[in-house]
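Welcome! Please take a look at the structure below, and then let us walk through some of its features together.

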Amino acid sequence: MIKRVGALLAPAVLISACPSHGVAEEPSCFALDPNEQPALAFQRCSEVLRADDLETSQRFEALLNRGIAARELGYIDASEADLRASTAIFPRNGNALRMLAWTLRESGNYRGAETIYTDVLKFDDSWQGWLSRCVVRTDLQLWISAISDCQKALSQSETEDTYFFLSLAQSGAQLNKEALATVQRGLNSGVRSPRLYLEGIRAARQIGRQAEAEKLLDDGQSYFPEDERLSNLGSDLN
């Protein structure tokens, strides 16, 4: 699973609509990270949204944060409802639209998610948007289109996600040599994760580079000795 791509969270602001009446000790809806504390964020934002005198921007942020929290809690329908309500307030807010698209992806509506990402990219040319559409296109097995999107994302931001999903799309398209080169480029730049090593090992084995696969495995196990996938793969290679 990809990490929360493009999750730009609301600023830490306390407002009078919150039952805490601005008491600093109590985190508000806007101060909480809905990805890290979804249950509390859902509760606080629900309290905020019961107020009748919210400013438009406050209602937007509360709906956005509660929608993200709902998704993290597995309340997909509630998440979609809140995020659609937030995008109705600000229809061209790229972050809110990307969060809605991600919820659609979580529900299995890959085509719907792809459509929203495509619309967002027309006015918000961010690496998060390119990466997000790359991910959903790998879900749809649209490998060549996914490769193009991930290459655009990688050109803007070299992250573990951009390297991994580009290599994954290349593997899906049976471009194993290119997938291995992408993994090596990421590792050489200092980006490392178990799944990146695993993808490199798989690609190396596909093109008959057993010695390179073993070297990647040794390197991966040295960095991530507790990872069970790398340990299990070691048993297969040895």
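Let us begin with a pair of side chains: glutamate 80 and arginine 84 sit 4 residues apart in helix H3 (residues 76–89), so about one helical turn separates them. Helices here are DSSP runs of H or I with at least four residues, numbered from the N terminus. An α-helix has 3.6 residues a turn, so residues three or four places apart point the same way. The side chains of glutamate 80 and arginine 84 meet in a salt bridge at 2.9 Å, N to O. A salt bridge means a side-chain nitrogen of Lys or Arg within 4 Å of a carboxyl oxygen of Asp or Glu. Glutamate 80 is partly exposed, with a relative accessible area of 22%, and arginine 84 is partly exposed too, at 40%. For these words, buried is under 20% relative accessible area, exposed is over 50%, and partly exposed lies in between (1.4 Å probe, protein chains only).

Before going further, a word on the model. This is a predicted model, in which local features need pLDDT of at least 70 and side-chain atom pairs count only at pLDDT 80 or more, while totals for chains, interfaces and linings use all residues. Residues are numbered from 1 along each chain as its sequence is written, and side-chain values use heavy atoms, leaving out hydrogens and water. The predictor's confidence in each residue, pLDDT, runs from 0 to 100. The protein averages a pLDDT of 90, and 87% of the residues score at least 70. Over residues 1–24, pLDDT stays under 50, and the model has 62 contacts for them beyond four places in sequence; a contact means heavy atoms within 4.5 Å.

How many salt bridges does a search of the whole structure find? The search gives 17. Here are three of them:

| Salt bridge | N to O distance |
|---|---|
| Glutamate 80 and arginine 84 | 2.9 Å |
| Glutamate 114 and arginine 111 | 3.3 Å |
| Arginine 185 and glutamate 158 | 3.7 Å |

The last pair in the table, arginine 185 and glutamate 158, meets through its side chains. This pair links distant parts of the chain, 27 residues apart: arginine 185 is in helix H9, and glutamate 158 is in the loop between H7 and H8. Both count as partly exposed, arginine 185 at 44% relative accessibility and glutamate 158 at 46%.

Glutamate 114 and arginine 111, by contrast, both lie in helix H5 (residues 110–121), 3 residues apart, or about one turn of the helix. Glutamate 114 is buried, with a relative accessible area of 10%. A network of salt bridges links Arg111, Glu114, Arg133, Arg137 and Asp149.

Now to the loops. At 55% relative accessibility, glutamine 141 counts as exposed. Glutamine 174, in the loop between helix H8 (160–172) and helix H9 (176–188), has a positive phi of about 65° and is not a glycine either. Glutamine 174 counts as exposed at 58% relative accessibility.

Finally, helix H10 (residues 194–206) has 13 residues and reaches 18 Å from its first C-alpha to its last, close to the 18 Å expected at 1.5 Å a residue. That expected span is 1.5 Å times one less than the number of residues. H10 is mostly covered, with 10 of its 13 residues buried, including Leu196, Tyr197 and Leu198. Just after H10, glycine 208 takes a positive phi of about 80°.

Methods
Helix = DSSP H or I, 4+ residues; strand = E, 2+ residues; numbered from the N terminus.
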